[in-house]
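User: I would like a close look at one part of this protein. Please walk me through it step by step.

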Amino acid sequence: MLKQRVITALVLLAILLPALFYSNTMPFTAIMLVFMAAGAWEWGRLNGLSGGAAVSVGVVCLALCGVSWQLGWTHAPLPWLWTIAGAAWVLGGAMLLRVGVAGWPTIPKAVRLIGGVLALWTAWLAVVQARNVGINFLFSMLVLVWVADIFAYFAGRTFGLKFTKNKLAPAISPGKSWEGVWGGMAGVVVLACVWVAVDASTQAPVASFYSRLAAKGYWLLLLGAVFMAAMSVVGDLVESLVKRSAGMKDSSNLLPGHGGVLDRIDALLPTLPLAMMLTYFAAA
């Protein structure tokens, strides 16, 4: 398993890194499009589709992203879209976590399928626009999720149930604790402050996500960091909820040793459009 994980990671890096640092953003945009289409295929399978029906969900996502690319939306300011997507994730995520695993099948399948495709589409637009802004801006958004996850893991292992009596969402993800969530939030706050300081000391030509929030005020930086860490947990829990309802451990086996695409990007689905929303708010 470890060997599989390492090989898969190396292959992904060999594909992603050249595209990420290429002078033209087109290769990165195209690769992200393929990833989101694969995630849409997985989403179809998680919602009871198989064969051609599941593939058609991926094709619809591919077409939606492709049309948006053709229309120039990858470079156009879209504050209205980020606001709608952000509100949908906050309200929809709260509703889904409230109804839990048992409530997921009661939602009409068409609504579930459309919602998943739209979530992948907006995440694709957000990550592509972030790359078009600059690598420092994009990295600061991606690293946020990784740091939140790492700090949550170690905080949960060290302090889990030492300050609270109940798990975070035992029916959805038994391993998660409130202490882990708080640890993830603390880690992101530290990350944000350090990144702002590094941007300032190096006079970064492209400001990071955190520096853009700090320009509005450190109150927004702190609130934004905590909020984004919380929403990364929501993204993780929502995917876990769907997988439990479907009786699946992983979204697919597309990435040997790592599960599926959705398993790797679940926390990014809400945080990418929300980061774009907060960025536009800070610039207003």
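This is a predicted model: local features need pLDDT of at least 70, side-chain atom pairs count only at pLDDT 80 or more; totals for chains, interfaces and linings use all residues.

Now the helix itself. α6 covers residues 135–159, which is 25 residues. From its first C-alpha to its last, α6 reaches 35 Å. That is close to the 36 Å expected at 1.5 Å a residue.

Next, its buried residues. Among them are Asn136, Phe137, Leu138, Ser140, Met141 and Leu142. The buried residues of α6 also include Val143, Leu144, Val145, Val147, Ala148 and Ala155.

Follow Met141 into the core. The largest nonpolar core has 82 residues. Met141 is one of those that touch the most other members, along with Leu120, Trp124, Phe209, Tyr210, Ile265 and Leu272.

Alanine 275 touches Met141 too, as well as Phe209 and Met228, not counting residues up to four places away in sequence. Alanine 275 lies in helix α11, residues 268–283. Its relative accessible area is 0%, so alanine 275 counts as buried. Phenylalanine 209 is 66 residues from alanine 275 in sequence. In space, the two are 7.4 Å apart, C-alpha to C-alpha.

Leucine 120 is another of the core residues named above. Leaving aside neighbours within four places in sequence, leucine 120 is in contact with Met36, Gly39, Ala40, Cys61, Leu262, Ile265 and Leu269. Ile265 is itself on the list of core residues that touch the most other members.

Note on methods. Residues are numbered from 1 along each chain as its sequence is written. Side-chain values use heavy atoms; hydrogens and water are left out. Helices (H or I, at least four residues) and strands (E, at least two) are DSSP runs, numbered from the N terminus. The expected span of a helix is 1.5 Å times one less than its number of residues. Buried means under 20% relative accessible area, exposed over 50%, partly exposed in between (1.4 Å probe, protein chains only). A nonpolar core is a set of buried Ala, Val, Leu, Ile, Met, Phe, Trp, Tyr and Cys residues joined through side-chain atoms within 4.5 Å. Contact means heavy atoms within 4.5 Å.
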